[in-house]
Amino acid sequence: MSQSPRHIAIIMDGNGRWATQRGLPRTAGHQRGVESVKRVVEAAVELGVEYLTLFGFSTENWSRPVDEVRELMRLLRMYLRAETAELHRNNIRLKVIGRREELEPDIVKMIEQAENLTANNTAITVMIALNYGGRQDILCAATQMARAMAEQGIEPTYESAEEYLPQFLSTAGAPDPDILIRTSGERRISNFLLWQCAYSELFYCDTLWPDFSKVDLEAAIADFKSRDRRFGGVKSGKQ
């Protein structure tokens with residue numbers, strides 16, 4: 001039996017399908033998806049989760065229709081304006097990972113303000129992945145690591161690279177996710193936290209993200225606790 005997870009990562013999928021099933025525009029699904037974010041953050045705090053990482057917008061999502069991307073950015077602005085003070089009141093730390101330099105300047109400013117305001121909060125760390133890609137994360141980390149090792153005169157060996165690389169990933173300082181949840185029935189990880197999720201337990205559920213609730217989160221945690229995590233080894237006394 002596994003202990004309770006410290007870090008849960010979620011690919012929030014199914015907003016568009018939720019809206020389509022109801023004859024609504026896809027943007028309506030994204031709007032409801034924001035409500036699910038609030039609900040799941042609250043549930044994670046209640047359940048004692050220390051880190052929650054949410055896949056909000058990938059590097060590939062720029063290829064979506066212009067109006068949909070514009071709406072997603074509007075919702076992001078709305079969330080940061082409306083929720084930053086509430087997160088701070090609830091002792092929640094907010095961190096954004098991904099290539100923020102490619103976002104609009106006003107969004108970057110709001111992100112920085114939210115991160116600074118909540119930097120010392122301790123109830124939970126919520127990391128939102130925006131303009132994020134797992135391969136890009138690894139490539140950026142490798143580039144920064146190589147530069148730092150050269151400056152420090154460290155020999156670039158397999159062992160030294162394995163030790164230093166995680167320090168340059170966007171999630172540096174956080175434990176690797178114990179569980180990776182994907183909603184809406186899709187069963188792939190879509191370039192999300194590729195290095196960090198090497199040993200994460202995968203949990204796929206059919207619930208569309210706008211309908212995802214504390215009950216669904218509890219089900220994922222219960223499933224996690226039932227698993228035998230060996231990290232490539234075997235249980236004592238087994239061959």
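A: **The salt bridges, pair by pair**

Glu71 is buried, with a relative accessible area of 12%; here buried means under 20% relative accessible area, exposed over 50%, and partly exposed in between, with a 1.4 Å probe and protein chains only. Before going further, please keep in mind that this is a predicted model, where local features need pLDDT of at least 70, side-chain atom pairs count only at pLDDT 80 or more, and totals for chains, interfaces and linings use all residues. Residues are numbered from 1 along each chain as its sequence is written, and side-chain values use heavy atoms, leaving out hydrogens and water.

Back to Glu71: its salt-bridge partner is Arg74, and their closest N and O atoms are 2.8 Å apart. A salt bridge here is a side-chain nitrogen of Lys or Arg within 4 Å of a carboxyl oxygen of Asp or Glu. Arg74 counts as partly exposed, at 39% relative accessibility. Both residues belong to helix α3 (residues 66-89), and because they are three residues apart there, about one helical turn separates them. Helices (H or I, at least four residues) and strands (E, at least two) are DSSP runs, numbered from the N terminus.

Another pair reaches along the chain. Lys214 forms a salt bridge with Glu46, with 2.7 Å between the closest N and O atoms. This pair links distant parts of the chain, 168 residues apart: Lys214 is in helix α7 (residues 214-226) and Glu46 in helix α2 (residues 26-46). Lys214 is partly exposed at 31% relative accessibility, while Glu46 is exposed, with a relative accessible area of 54%.

Loops take part as well. Asp206 and Arg187 form a salt bridge whose closest N and O atoms are 4.0 Å apart. Asp206 lies in the loop between β6 and α7 and Arg187 in the loop between β5 and β6, so the pair ties together parts that are 19 residues apart in sequence. Asp206 is exposed, at 59% relative accessibility, and Arg187 is exposed too, with a relative accessible area of 52%.

Now for the wider picture. A search of the whole structure finds 21 salt bridges. Asp13, Arg17, Arg182, Glu186 and Arg188 are linked in a network of such bridges. Between domain 1 and domain 2, by contrast, the count is zero salt bridges. The domain assignment, which is automatic or from a database, gives domain 1 as 7-132 + 176-226 and domain 2 as 134-169.
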